[in-house]
Amino acid sequence: MHALTFIIQFQTAQFKKHLLKLFRGTYLIPPPSVVAGVFGAILGVDRWDLKEFCRRNGIMAGAELLGFDGYVSELARVWKLKGWREVITTIKRSEALYMPKYKFAVASSNPELIKEGMRRLSEYDFEYEVFGGNDYHFVNYIGEVRPAAVRKSRVANGYCPVDKFGELQVWDERAMIVPDYVHADVHERFVFVYGASIKAKEEMDVVDDGLSRVFVYNAADFIAYEVKKPKRVRRRK
């Protein structure tokens, strides 16, 4: 396995929690599906093909939160169209992170893919635009790409399944630990940690760039479903 890390900061970000319908909440740290999606966008992977891309290249991904300036909460109404009929839904509360800064970690069984990812990140040669969840959450900074290695370790940063969580090694008085359910093919509760390292009950996969270690997971398992390309509709003349 070959790996890299890079720093990314968003002006605002919303990584929508699985299963929530009446409230648009956000994960504290983006799950592997988001990290793989950002990496795929940089490489030019069509979103319809992301899950297969992750499977084919053995993509593992994870992230750690380096800092943020709090939450932003607002009321929003989502408009939907069914055919030519407009449906007005109820007002919902929408939550976003303000100025979150992350270290993204990506590993792959394909060394050429990691090499190309490092080049594109270093030269800002991106195929698609990168956003913090939706296309109105903009990137503030991206860079500091570093080569890394995949190792086994009990101690790393980011998130881990609740049943593998052991204890915290706190290094920031503002440390946070947030439990959340992850759906997709995973169906597990995870703990998302900021300001502390996680000491797991057993050794797990981590990406080590020499500065920190980040837990990583098979990204394809976190992609909720394989999206089918929409059929083109012929318009009547």
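## First stop: R213

Select R213. Sequence neighbours within four places aside, R213 is in contact with R151, S153, V155, A156, N157, V206, V207 and D208. What you are looking at is a predicted model. R213 belongs to strand 14, which covers residues 213-215. Is R213 buried or partly exposed? R213 has a relative accessible area of 33%, so it counts as partly exposed.

Now draw a C-alpha to C-alpha distance from R213 to A105. The two are 9.0 Å apart in space. In sequence, 108 residues separate R213 and A105.

## Second stop: A105

A105 sits in strand 7. That strand runs over residues 101-108. A105 has a relative accessible area of 0%, so it is buried.

Which residues touch A105, neighbours within four places in sequence left out? Show L4, T5, V35, M60, A61, G62, V207, V214 and V216. V207 also turns up in the contact list of R213.

Pick T5 from that set. The C-alpha atoms of A105 and T5 lie 4.5 Å apart. Along the sequence the pair is 100 residues apart.

## Zoom out: the whole chain

Colour by secondary structure. The protein chain holds three helices and 15 strands. Next, colour by burial. Of the 237 residues in the protein chain, 46% are buried.

Take contacts between residues at least 6 apart in sequence: 79% of them join residues at least 24 apart. The accessible surface of the protein chain is about 13300 Å², and carbon and sulfur atoms account for 50% of it.

Select M99 and read its backbone torsions. Phi of M99 is near 55°, a positive value, and M99 is not a glycine. Most residues other than glycine have a negative phi. M99 lies in the loop between strand 6 and strand 7. M99 is buried, because its relative accessible area is 18% and the cut-off for buried is under 20%.

Go on to Y124. Where is Y124? Find it in the loop between helix 3 and strand 8, a strand that spans 139-156. Y124 has a positive phi too, of about 55°, although it is not a glycine.

Step back into helix 3, residues 111-123, and select R120. Is this arginine, R120, buried or exposed? R120 is buried, with a relative accessible area of 10%. With neighbours within four places in sequence set aside, R120 is in contact with I42, L43, D125, F126 and E127.

Select Q14, E74, S94, Y136 and H137. Of the 13 residues that line the second largest pocket, these are the closest to its centre. The volume of this pocket is about 180 Å³.

Which strand gives the most to the lining? Highlight strand 5, which contributes four residues. Strand 5 (71-82) and strand 6 (85-98) each supply at least two lining residues. By type, the lining of this pocket divides into five nonpolar, five polar and three charged residues.

How many cavities of 30 Å³ or more does a search of the whole structure find? The search finds one. The volume of the largest cavity is about 30 Å³.

Strand 4 (60-67) and strand 12 (188-194) each give at least two residues to the lining of the largest cavity. That lining splits into five nonpolar residues, three polar and one charged.

## Last stop: cysteines

Select C54 and C160. C54 is buried, with a relative accessible area of 2%. C160 is buried as well, with a relative accessible area of 0%. A disulfide is a covalent bond between the sulfur atoms of two cysteines. How many disulfides does a search of the whole structure find? The count is zero.

Methods
Residues numbered from 1 in each chain as written. Predicted model: local features only at pLDDT ≥ 70, side-chain atom pairs only at ≥ 80, totals over all residues. Heavy atoms only, no water. 1 Å grid on protein atoms, 1.4 Å probe; cavity = no way out; pocket = protein on both sides within 12 Å on 5 of 7 lines; lining within 4 Å. Points joined across faces, edges and corners; volume = space filled by probe spheres on them. Nonpolar A, V, L, I, M, F, W, Y, C, P; charged D, E, K, R; others polar. Disulfide = S-S within 2.5 Å. Buried < 20%, exposed > 50% of the residue type's maximum accessible area, 1.4 Å probe, protein only. Contact = heavy atoms within 4.5 Å. Areas by Shrake-Rupley, 256 points an atom, 1.4 Å probe, with all protein chains shown as cover.
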